[in-house]
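Let's take a friendly walk through this model, moving from one residue to the next. Keep the 3D view open as you read.

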Amino acid sequence: MLDRSIAAAVAKHKSMFFSEKNTAGELIDYVAAVSGGLRLVPDRKTLSSLSLDYERMLEDGLLLDDAEPFEELIQQCRALETRANRPAPI
């Protein structure tokens, strides 16, 4: 994101008016997400569960026939996470 000040303002607004909690019951820190702390790829245990769920959806025909392999989707998420968390250019 090129203008992190706008992103930070939006994150602060969301935190005040539309706060949410994560699965552990902690408030989500939106400012951290736009300040280099965005996390799109979950931990290994959760990733394993998501992979199994994705395979079941494929088997049940819930996804398109040409659906990308799960690992490819995760690689795309990793790349996006890395890109979004890069320090803003000076």
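In which helix is the place of Glu-81? Glu-81 sits in helix H4, which covers residues 70-85. Bear in mind as you look that this is a predicted model.

A salt bridge would call for a side-chain nitrogen of Lys or Arg within 4 Å of a carboxyl oxygen. What does lie 2.5 Å from a polar atom of the Glu-81 side chain? That is the backbone nitrogen of Leu-40. Leaving aside residues up to four places away in sequence, Glu-81 touches Leu-38, Arg-39, Leu-40 and Val-41.

Is Leu-73 buried or partly exposed? Leu-73 counts as partly exposed because its relative accessible area is 24%, and buried would mean under 20%. Its contacts, again without residues up to four places away in sequence, are Tyr-54 and Glu-68.

Finally, turn to helix H1, made of residues 4-17, where you will find Phe-17. Phe-17 is exposed, because its relative accessible area of 55% is over the 50% cut-off. Together with Met-16 and Phe-18, Phe-17 forms a nonpolar patch on the surface. The accessible area of these residues together is about 390 Å².

Methods
Residues numbered from 1 in each chain as written. Predicted model: local features only at pLDDT ≥ 70, side-chain atom pairs only at ≥ 80, totals over all residues. Heavy atoms only, no water. Helix = DSSP H or I, 4+ residues; strand = E, 2+ residues; numbered from the N terminus. Polar contact = N/O pair within 3.5 Å; in protein donor to acceptor, adjacent residues only side chain to side chain. Contact = heavy atoms within 4.5 Å. Patch = residues over 30% accessible without salt bridge, like charges linked within 9 Å, V, L, I, M, F, W, Y side chains within 5 Å. Areas by Shrake-Rupley, 256 points an atom, 1.4 Å probe, with all protein chains shown as cover. Buried < 20%, exposed > 50% of the residue type's maximum accessible area, 1.4 Å probe, protein only.
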